[in-house]
Amino acid sequence: MRISQLTAALLSVSALAAPSLAQFPSLELLQPRGFQRGFEIELQLSGSALNSARGILFDTEGLSLKEITAEGDRVTAHVIVADDCPLGLHSLRVRTATGLSNLRTFSVGVLEEVFEAEPNGTSPEAQLIEINSTINGVADDEDLDLYAFEGVSGQRVSVEIEGLRLGDTLFDSAIALFDPDGFRIASSDDSSLGRQDGVFSVVLNKSGRHLVHVRESSYKGNGNCRYRLHVGSFPRPIFAVPAGGPEGEPLTLSALGDGAGVMEATVTLSTARSAWGPTLPGVSAVHIEDSQGISPTPIFLRASSLTNVLAAEPDESHDLATRFTAPAALNGVLEAPGDRDSFRFTAKKGERWELKVHARSLRSPLDSVLSVHAANADQISSNDDDDGPDSKLDFTAPADGDYVLTIADHLGSGGPTHAYRLEVDRSRPSLSIGLGGVRKYVCVPRAGRSVIAIQVERDSFSGEIAIALGDLPPGVTATALPVRAGTSNVPLLFEAEATAEEAEALIKVSGVGAGGVSSELRDEVLLVEGRNNQIYWTHTLDRLPLAVTEVAPFSVRAIAPQVPLLQNGLLSVEIVAERSEGYNGEISLALVSLPPGVTATRGASIPEGALSTLIHFDASSDAALGSWPLVIAAEANIPGGRARLATQIFELVIERPFVSFKTQSVSVDQGSTGDMFVEVTRHDGFRGTARVNLLGLPHQVTTPALTLDANTDSLIFPISAGTEAPTGRHRTLSFNATFTLDGGTLIQGLSAAELHVNTPPKVVIEKKPVPVVKKEEPKSPEVKKERPPTRLEKLRREHAERVREREIADAPPTNGGAS
């Protein structure tokens, strides 16, 4: 059978292509791609660096690992799927002795599982299936898969495919249904509910042999185009009105899009974790069920306490607009092309309202355009898309009175499922929390540390955000630092005791900001990407995946700096490796976060066999002052894989500059000398002594380094220019003041004036006639008026006087002096 052949081929390829260098565990293939709940199933997993597989981390309840074995990079896992396991997409990661694999998704359903049997590309060869089956197949290149079932006139038949959402490749599937006479009665390429995965629901008008066609939409499939095709009598709505309601309370709604017509259903909304995420904050995934079955894919509803208001037709014009009292949730359907709905409400001057459409985000085909109008129909504002196809407006009432909200489709489309939910609520600040880095998980070795970055986004508020964690595995502790005002990320450090057991877990991460603004972790794992980095499918994370792994053969620590980093300054921090006997691998280093205005060495590493290296920090002139906790991550190849560890938290203190310089430009001829005078101002916090170097001098121009201490008010740098020094204006000069303090050294950078190097004037010797000397009467000597000294000359004299005074004060007493 094609699936088993493909599996064997991929396994042999991965074995041949196994990299010589160690790497993080990688899960490439999971078979089967889904299964029926209520059974024990066998999973075949393959990839690389999986030979020490020891556990599986599932992201939902209802799945438990019974047994796991590894043979090379092929893993066999026996999994028990509970009777009440949530339907839909789930994810898993493989835990090995050294880490966690990437995430892979799979599907859990209720229908009987069937596997594709080739050949099935023509009507006579069509594979016979029973209604209410899930078929697992592959759409190869130029492949058409046909499945036949016996249908009865008047019977509802719903068909949906899971292809792209399985996350294997960019698979644009197409499905169709043909009646006994060979006429196509339904088809779907893309759908608002499944995006690239098609779906339809019809009522048969003939009895007999029906065919379902499955293919890649352009017949350009491949062995990675795996699918799960659901064919049954289950209900298949697309959207519902109202599209939301209070969480935890019964909600009666009209489900739209089912082949049998509008369905009335009563559901209870919950934003608790399901197999579908939820996909967005405040969204509940609900599987619609009736006497004939349950929908494999849910519909998506908003869990909100806002009062529901239904559009009352006719409401196309402002005069006929449905009146409501804000705040409220407005629900309706644009049932025909060109349709628009209007709603009227009263607002007072200065009131701020957030107007947010939920349509595409809930899988409606509607591409909304939202407008706000004054009572006289003048448009005040309008929005088409807001970071997606759904519209959003922040509206502030300019005066007391009535306002009309109008919603339409961008292209004027309409239909029975072009539904929407428009929430009108007070503007409120919001917070989102995500994870930094490519790998959205953390692995902590026993007796070691590891780190991941927490990233936040604030909307309409500022200030510090406190980070909190849920339960951790026994023997594991965490340091959750607050996210400071004006910053967006912070390291989250984990540490495991030597006695901690190897395990896997999902950790809740939450944050609270000023005024009680709160949020929980929500991030996306990219699964399918197209051309130009277009994202086609992701999987939502709402908890941090964590694994406790075996002891690593190295650890790292930072030698905490005892001196500050100055604005416009440089500072080096030593990172030390402690290696187990026999381990000499190179260790790559990276900063998890940095204070605002500070950069650090990129691509730093502790070389193979070495015990330490330096990371250099560079602060801008406006770098944020204060004490900043930092962590440095360390990655290295180890036996059996690759490990990511971390240093302890250490403090980097940023202070204002110790000194400032005021300089004057200098002009010097080739082959000559000149002086650059520097007026020194010492600032609060100045301490230690410094060696000052003038940097950026052109070829054949030199000057010595000078010393600066607590008594230095000025410096004079003697500039010497060689005969071949490049002429012109040199503007790239700067000073480096290297301060020596009790705890170490630090560097402050300062700007310097221009240096002008000139061509010396040519000396012309002319022959002159011998003058005739005439005797003259002696004259009274003239008194020459002295030219007043320049400011530079005055400063030089004052500097020389101060130097002489210090020399006299420091000189030892003479024989006649006091003893």
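Analyst: One definition to begin: rings of Phe, Tyr and Trp (its six-membered ring) pair if their centres lie within 6.5 Å, and planes under 30 degrees apart count as stacked, over 60 as edge-to-face and the rest as tilted. This is a predicted model, where local features need pLDDT of at least 70, side-chain atom pairs count only at pLDDT 80 or more, and totals for chains, interfaces and linings use all residues. Residues are numbered from 1 along each chain as its sequence is written, and side-chain values use heavy atoms, with hydrogens and water left out.

User: Which residues do ring pairs link into a cluster?

Analyst: The ring-pair rule gives 14 aromatic pairs. Ring pairs also join residues into a cluster, whose members are Phe324, Phe343, Phe345, Trp353, Phe395, Tyr403 and Tyr420.

User: How many residues apart in sequence are the parts tied together by phenylalanine 717 and phenylalanine 735?

Analyst: The rings of phenylalanine 717 and phenylalanine 735 form a tilted pair, with 5.3 Å centre to centre and 40° between the planes. Strands (E, at least two residues) and helices (H or I, at least four) are DSSP runs numbered from the N terminus. Phenylalanine 717 belongs to strand E66 (residues 714–721) and phenylalanine 735 to strand E68 (residues 734–741), so the pair ties together parts separated in sequence by 18 residues.

User: Is phenylalanine 735 buried or exposed?

Analyst: Buried means under 20% relative accessible area, exposed over 50%, and partly exposed in between (1.4 Å probe, protein chains only). Phenylalanine 717 has a relative accessible area of 0% and is buried. Phenylalanine 735 has 0% relative accessibility, so it counts as buried.

User: In the largest nonpolar core, which residues touch the most other members?

Analyst: A nonpolar core is a set of buried Ala, Val, Leu, Ile, Met, Phe, Trp, Tyr and Cys residues joined through side-chain atoms within 4.5 Å. The largest one holds 64 residues, and those touching the most other members are Phe554, Phe661, Leu708, Phe735 and Phe739.

User: What is phenylalanine 661 in contact with, beyond its neighbours within four places in sequence?

Analyst: Contact means heavy atoms within 4.5 Å. With neighbours within four places in sequence set aside, the partners of phenylalanine 661 are Val678, Glu679, Val680, Val692, Leu708, Leu715, Phe735 and Leu750.

User: Which backbone oxygen does the side chain of arginine 344 reach?

Analyst: Arginine 344 lies in strand E30 (residues 340–347) and is buried at 13% relative accessibility. Its contacts beyond four places in sequence include Asp319, Phe324, Asp402 and Tyr403. A polar contact is a pair of N or O atoms within 3.5 Å; within protein, one must be able to donate a hydrogen and the other to accept it, and residues adjacent in sequence count only if both atoms are side-chain atoms. At 3.0 Å, the side chain of arginine 344 reaches the backbone oxygen of histidine 318.

User: How far is the charged end of arginine 484 from the ring centre of tryptophan 628?

Analyst: A charge sits over a ring if NZ of Lys or CZ of Arg is within 6 Å of the ring centre and within 35 degrees of the ring normal. The charged end of arginine 484 sits over the tryptophan 628 ring, and its distance from the centre is 4.3 Å.

User: What separates the C-alpha atoms of serine 133 and histidine 230?

Analyst: Serine 133 is in strand E11 (residues 133–138) and is buried at 2%. A polar atom of its side chain lies 2.6 Å from the backbone oxygen of glutamate 130. Its contacts beyond four places in sequence include Leu229, His230 and Val231. Serine 133 and histidine 230 are 97 residues apart along the chain, and their C-alpha atoms are separated by 6.0 Å.

User: What is the radius of gyration of the protein?

Analyst: The protein has 2 helices and 70 strands. The radius of gyration is taken over C-alpha atoms, and the globule rule is 2.2 Å times the number of residues to the power 0.38. For 819 residues the rule gives 28 Å, so the protein is more spread out than a compact globule, with a radius of gyration of 38 Å.

User: What is omega for the peptide bond from valine 241 to proline 242?

Analyst: Proline 242 lies in the loop between strand E19 (239–241) and strand E20 (244–245). The bond from valine 241 to proline 242 is cis, with omega near -5°.
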